[in-house]
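Work through these exercises with the sequence and the structure side by side. Try each task before you read its solution.

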Amino acid sequence: MERIDEILSQLTTEEKVKLVVGVGLPGLFGNPHSRVAGAAGETHPIPRLGIPAFVLADGPAGLRINPTRENDENTYYTTAFPVEIMLASTWNRDLLEEVGKAMGEEVREYGVDVLLAPAMNIHRNPLCGRNFEYYSEDPVLSGEMASAFVKGVQSQGVGACIKHFVANNQETNRMVVDTIVSERALREIYLKGFEIAVKKARPWTVMSAYNKLNGKYCSQNEWLLKKVLREEWGFDGFVMSDWYAGDNPVEQLKAGNDMIMPGKAYQVNTERRDEIEEIMEALKEGKLSEEVLDECVRNILKVLVNAPSFKGYRYSNKPDLESHAEVAYKAGAEGVVLLENNGVLPFDENTHVAVFGTGQIETIKGGTGSGDTHPRYTISILEGIKERNMKFDEELASTYEEYIKKMRETEEYKPRTDSWGTAIKPKLPENFLPEKEIKKAAKKNDVAVVVISRISGEGYDRKPVKGDFYLSDDELELIKTVSKEFHDQGKKVVVLLNIGSPIEVASWRDLVDGILLVWQAGQEMGRIVADVLVGKINPSGKLPTTFPKDYSDVPSWTFPGEPKDNPQRVVYEEDIYVGYRYYDTFGVEPAYEFGYGLSYTKFEYKDLKIAIDGDILRVSYTITNTGNRAGKEVSQVYIKAPKGKIDKPFQELKAFHKTKLLNPGESEKIFLEIPLRDLASFDGKEWVVESGEYEVRVGASSRDIRLRDIFLVEGEKRFKP
Ligand code: BGC
């Protein structure tokens, strides 16, 4: 601190202002590229005091920088990990930490200081375009996953950034929309995950969100950034704005938004001025005090003196991509969720597979926007099947290859480049195969695999229409015809869902024999899929988010706000009843519930013991693999609170555990601790644990509760926020 105060005392006012405003979006609008081309932001250096330019880069599925640079023969590829929703499906903290470590090493070795990840907004609605970048509909799972990931990243001597703080749960009009939400829903649902991550993992930075929160931009919201984040939670890093967020840099600094990113907002919005000029003017006119500015600079420097750039770290530009590919594979392997299996999976090694769907070749590795990645390669599903020497219908595969090649040359289906430089491929019709060819394939092969793919991304939400939330007519026709022809031959059909967020499955799932949710697994996708199909990987992922039966069942019916054609305001009418909290409390049956996922083996739960030990609820139980394949099991502890003064959800997730790999017959004894404070509801002023009988529910999913017991809380307990 002394050193920082010393630096501070030597900085001129203008230099201080420069430290709180970025240099402008690097590489665009005439701005020079960052030292690390493709990085999303950079700070102003103050060379006379030895303060370097710090580099900030996205994002959750891997470090996003340009893979190549002008006049440079070297390459700067990074690892494409599974998208966050898939990472959360692993429910494995150690794995998240490992992914964080690997990503952190790439951040450091490519000369970046802060990784703009993890993103941790709640899945309020399945159509949010960035749900793939977010972990879960549940704040505990989200907060735990983020904490483990942040620890991993920061163990590498670089910073993480938890974003987007807060209630940025849609892409439609995200830069202006006013999110109206009760303080209770905020604290119990939308803030909770951030609170867990701040307290457990001490992230270097927080990114304030674009949207307004109850009337004020998050980046200009003092209650959010000072009272909640710093005073209540003890956050001691710095807050940066999302890119071009808000409308008033002076208000941002006053509210505790320490750094304004990326700077030069006037380059994208003619109504904005140069932030540096605006802040200098406010200082001169006495509208902003130098103390406020000093506080922001202090917050920033306190963190960045630990960053590689400040230490003059000589980065190699040679991160260990080989070993990180293994981490990406492992993470994906544990994130696959087996949704249906009537005995078709896994295939044995002689099974001859007919693969349908263009997604076998144009496999989606992740979403678009700032969460995109530029890996050395992406193994498509077909490539994975080939590489793993599975027996497959080569003629059918060539038909698909030729079809895709031909269609992509036509004007209608030519890939287009979006504003992020990503090639967007219009969806190809999936029903091009004549029935007789499908019949032929059904005769020739033992089983069919049909790939259904979806992509979404930053800047737009998905739609509750055919081809997006629902299957398109051509996809449905393909599934129907393939199922009919294969079933006629006494053969089975498996659907692979290569998606980043829920789609509708209830109306067609009975047509097929198995459904594997393989998400968007990053560069190792095809290998993971092949290994799951043949049972080299036993699926152990569970859903971090509910798959509703129909879009009309979704509780956040106000999404994406009013007026419909140009939403300015979105009222969170469902309040705390988000995800399973709604489906369970109001008796709405989902297609697949939160926490659901099958395995190729079976697990038995027994010996639940609970005890109150001071302020802690101790829970222990034993899980045994009673099937005949090795596997891992995710168990979840839900608590059902007594009916008291405050309305409460039917049950809430309070703890979870993933076993080690259990061999057939092997058991693991699990010990979990739940601070009693975590059972509290927010009554508008304080956190309250009401007195009464609580039920501990240990389940294989939120609706497959295997063990229960009760305990009594005598006398209400209250906690200040
Ligand atoms: C996104 C952030 C991202 C930033 C920098 C914004 O558009 O919302 O998630 O970190 O851009 O790329």
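**Exercise 1. Decide whether V250 is buried or exposed, and list what it touches.**

Step 1. Take the relative accessibility of V250, which is 10%. Buried means under 20% relative accessible area, exposed means over 50%, and partly exposed lies in between (1.4 Å probe, protein chains only). V250 therefore counts as buried.

Step 2. V250 sits in helix α9, residues 249-255. Helices (H or I, at least four residues) and strands (E, at least two) are DSSP runs, numbered from the N terminus.

Step 3. Look for contacts, meaning heavy atoms within 4.5 Å. Leaving out residues up to four places away in sequence, V250 touches E278, I279, A282, K287 and L288.

Step 4. Compare sequence and space. V250 and L293 are 43 residues apart in sequence, and their C-alpha atoms are 9.5 Å apart.

A note on the model: it is predicted, local features need pLDDT of at least 70, side-chain atom pairs count only at pLDDT 80 or more, and totals for chains, interfaces and linings use all residues. Residues are numbered from 1 along each chain as its sequence is written, and side-chain values use heavy atoms, with hydrogens and water left out.

**Exercise 2. Explain why T659 counts as buried, and find the backbone nitrogen that its side chain reaches.**

Step 1. Find T659 in the loop between β24 (652-658) and β25 (667-675).

Step 2. Check its accessibility. T659 counts as buried because its relative accessibility is 3%.

Step 3. Search for a polar contact (a pair of N or O atoms within 3.5 Å; within protein, one must be able to donate a hydrogen and the other to accept it, and residues adjacent in sequence count only if both atoms are side-chain atoms). The side chain of T659 reaches the backbone nitrogen of E633 at 2.9 Å.

Step 4. Not counting residues up to four places away in sequence, T659 touches I623, G631, K632, E633, E668 and I670.

**Exercise 3. State how many residues of α18 are buried, and name elements that cover them.**

Step 1. Count along helix α18, residues 525-533: 9 of its 9 residues are buried.

Step 2. Look at what lies over them. The cover includes α13 (321-335), α14, β17 (447-453), β18 (492-498) and β19 (514-517).

Step 3. Read on past the helix. Just after α18, G535 has a positive phi of about 85°.

**Exercise 4. Describe helix α8 and both of its ends.**

Step 1. Begin at the start of α8. There, a side-chain oxygen of N221 comes within 3.4 Å of the backbone nitrogen of W223.

Step 2. Pick out the buried residues of α8 (222-232). They are L224, L225, V228, L229, R230 and E232.

Step 3. Go past the end. G234 follows α8 and has a positive phi, near 75°.

**Exercise 5. Find which residues touch the most other members of the largest nonpolar core.**

Step 1. A nonpolar core is a set of buried Ala, Val, Leu, Ile, Met, Phe, Trp, Tyr and Cys residues joined through side-chain atoms within 4.5 Å.

Step 2. Name the residues. The largest core has 86 residues, and F149, F165, V166, Y190 and L653 touch the most other members. Helix α5 (residues 139-154) gives the most to this core, with 8 residues.

Step 3. Look beyond this core. Another core lies apart from it, with 69 residues, including A442, L517, I528 and Y596.
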